[in-house]
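Me: I would like to learn how to read a fold from its coordinates, one feature at a time. Could you take me through the one shown here?

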Amino acid sequence: MGSSIDKRGILDEEIFTYRITKDNKVFISYEGKQVTVLSGKRATDFIAKISKAGGKDAQLIMAKATGNFKRGNEKLFKKQG
């Protein structure tokens, strides 16, 4: 990941966490509060991506999966060309 994605270093802290249930649902939390639940193909895709990622990459995957970061502050997470 390039530093231009997270200029403020927000993703350096582990602000997102996730939990996978036995039936492959994924619960994603932001600062300890659950913000989204993934199931079906979205959950399967998320699990495949997150299993290969760590640290800041994992935080970015969770940020994108929540969809809550597309209301004006997506520039924090969007790759700039």
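Me: Across which strands does helix α2 lie, and at about what angle does α2 run to β1?

Reply: Bear in mind that this is a predicted model. In it, helix α2, residues 55–66, lies across β1, β2 and β3, and its direction makes an angle of about 80° with that of β1.

Me: How should I read the sheet itself, and in what order do the strands come?

Reply: The general idea is that strands of a sheet pair through backbone hydrogen bonds, either parallel or antiparallel. Here 3 strands form an open sheet in the order β1-β2-β3, with antiparallel pairing. Because β1 (16–20) and β3 (33–38) stand at the edges with a single partner strand each, one side of each is left without a neighbour in the sheet. From one strand to the next the twist averages 25°.

Me: How many bridges join β2 to β3, and which residue stands opposite Lys33?

Reply: Strand β2, residues 26–30, is joined to β3 by 5 bridges, the two running antiparallel, and Tyr30 is the residue that stands opposite Lys33 in β3. Helix α1, residues 40–51, also packs on this sheet, where α1 touches β1, β2 and β3 and makes an angle of about 65° with the direction of β2.

Me: Which residues of the largest nonpolar core touch the most other members?

Reply: That core has 13 residues, and those touching the most other members are Phe16, Val26, Ile28, Leu38, Phe46, Ile50 and Met62. At least two residues of the core come from each of β2, α1 and α2, and α2 gives the most, with 5 residues.

Me: Which residues of α2 are buried, and what covers them?

Reply: A residue counts as buried when its relative accessible area is under 20%. In α2 this holds for Ala58, Gln59, Leu60, Ile61, Met62, Ala63, Ala65 and Thr66, and what covers these buried residues includes β1, β2, β3 and α1. As a check on the geometry of the helix, the 12 residues of α2 should span 16 Å at 1.5 Å a residue, and the end C-alpha atoms of α2 are 17 Å apart, which agrees.

Me: Gln59 is on that list; what is its relative accessible area, and which backbone nitrogen lies 2.9 Å from a polar atom of its side chain?

Reply: Gln59, found in helix α2, is buried, because its relative accessible area is 3%. A polar atom of the Gln59 side chain lies 2.9 Å from the backbone nitrogen of Phe16. The C-alpha atoms of Gln59 and Glu14 are separated by 6.8 Å, although these residues are 45 residues apart along the chain.

Me: In which loop does Glu31 lie, and is Glu31 buried or exposed?

Reply: Glu31 lies in the loop between β2 and β3, and at 56% relative accessibility it counts as exposed. Glu31 has a positive phi of about 50° although it is not a glycine. Just after α2, Gly67 takes a positive phi as well, of about 75°.

Definitions and conventions. Residues numbered from 1 in each chain as written. Predicted model: local features only at pLDDT ≥ 70, side-chain atom pairs only at ≥ 80, totals over all residues. Heavy atoms only, no water. Pairing = 2+ DSSP bridges. Helix = DSSP H or I, 4+ residues; strand = E, 2+ residues; numbered from the N terminus. Axes fitted to C-alpha atoms, helices over the stretch in contact; angles between N-to-C directions. Contact = heavy atoms within 4.5 Å. Core = buried A, V, L, I, M, F, W, Y, C linked by side-chain atoms within 4.5 Å. Buried < 20%, exposed > 50% of the residue type's maximum accessible area, 1.4 Å probe, protein only. Polar contact = N/O pair within 3.5 Å; in protein donor to acceptor, adjacent residues only side chain to side chain. Expected span 1.5 Å × (residues − 1).
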